[in-house]
Amino acid sequence: MNYKEFNIALPIKANNVVLIEGLVQYDTANIVNARLMHGTEPFDFTGYTEVFMEILKPDGTHIQACATGDPEIDNNNNPYTIQIVDPEEGRVTFTLSGQATLLTGTHFGQLTIMGDGEALSTARFNYYVGDTVANDTDPDDVVSSNDYASLRNMIAQNSLIATEELVRVDAETQRELAEDEREARVQEIIDYITEYLQNAVGYVEQTADYMEAAERFAELAQNPSAEIMASLISELNLASEEYVDTSIENAAADHDGGTYATVNKLMQFRRGLDADIPELEEGEPGWSTDAETLYVGGANGPVPINGTFVASLTEPERHDILWIDLSAGASIKYYDGSAWQPTATATFS
């Protein structure tokens, strides 16, 4: 087949009208070589991935086609064979056949390039289709119609892409939800194990305490010890106020110290050095081991029961007794608050 080629220059930023003449009705061998121009220079549309063509036919119906870079769309659904020849030189080619030459009269066309979120339209190109001289085609068998095959395929392809993206997003969402659920389950297991281990540690420590108490019971049974007994009484809370008061009340009621021969009934007072005598409770006895003085707690402090005087060569530490000064002829002295003073008389009852 001998193709007729038409070379046109289409301004990319102007509204000029480019005319194409010489097309014949039903002719399918028309190749248009378009060069996109910017002023006097070719327009470099590198990066623009799609070329869209739209033609308005004389009867108002439309032709739309697109070169997308997708081989399936471009090979199977591009009847006008739009091709990007050299984007750097601004070269695009397409054929005018089929619905493009079905009707006689003036057709109005335009190219649009798209990419990177931008769309640029060329100046309009017009072409006139004249009557054919020899025609084997019955006009009644050919009907002018809108040609949206490529556009519909693009929409379907984009819809498929969108559907696949939705499926991918849904799968990703499900994966993230499953991961969150797994992490929550793992955390739940970790918390459970942590609590179990803490309880286990508590049980082990409690068991150790029981074992230690059992060992001390066994030791106490074999070798009684006041220290071990006191520790056990404290740990087992046997020293509660109610228990001790009741026990002491029952054990100390009508206490009998027994005779001198009854050595297993021993009663001892609190005792210590005379200088360390504490504040005794009222009626509480206490014994000075160095001064050999018996005290009983009174309202104003400990009251000596014996030892109201001391005979010595040096003055005594206590000031609440009489001093028989052996260094001064056994004179009787009393302490006036600042010094020992002799007295000529002494009254004893």
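Me: Let's start with charges. How many salt bridges does the structure hold?

Reply: There are seven salt bridges in this predicted model. One of them joins K4 to D27, with the closest N and O atoms 2.0 Å apart.

Me: Which parts of the chain does the pair of K4 and D27 tie together?

Reply: K4 lies in strand β1 (residues 4–11), while D27 sits in the loop between β2 (17–24) and β3 (30–38), so the bridge links parts that are 23 residues apart in sequence. K4 is partly exposed, at 31% relative accessible area, whereas D27 has 16% and counts as buried, because buried means under 20%.

Me: And R185 with E188: how far apart are they in helix α2?

Reply: They are three residues apart in helix α2 (residues 149–222), which means about one helical turn separates them.

Me: Are D325 and K333 buried or exposed?

Reply: Both are buried. D325 and K333 form a salt bridge with the closest N and O atoms 2.8 Å apart.

Me: Which strands does β14 pair with?

Reply: On one side of the sequence there is β13 (residues 285–288), which runs antiparallel to β14 and is joined to it by four bridges. Within that pairing, W287 has L294 as its bridge partner. The hairpin of β13 and β14 has four residues between the strands, and there E292 takes a positive phi near 50 degrees. Strand β15 (residues 301–304) also runs antiparallel to β14, again with four bridges. Here G297 is partnered by P302, and the hairpin of β14 and β15 has two residues between the strands.

Me: Last one: which residues make the nonpolar surface patch?

Reply: I189, Y192, I193, Y196 and L197 make a patch of about 540 Å². Take Y192 as your example: this residue lies in helix α2 and, at 56% relative accessibility, counts as exposed.

Technical notes. Residues numbered from 1 in each chain as written. Predicted model: local features only at pLDDT ≥ 70, side-chain atom pairs only at ≥ 80, totals over all residues. Heavy atoms only, no water. Salt bridge = Lys/Arg side-chain N within 4 Å of Asp/Glu carboxyl O. Buried < 20%, exposed > 50% of the residue type's maximum accessible area, 1.4 Å probe, protein only. Patch = residues over 30% accessible without salt bridge, like charges linked within 9 Å, V, L, I, M, F, W, Y side chains within 5 Å. Areas by Shrake-Rupley, 256 points an atom, 1.4 Å probe, with all protein chains shown as cover. Pairing = 2+ DSSP bridges.
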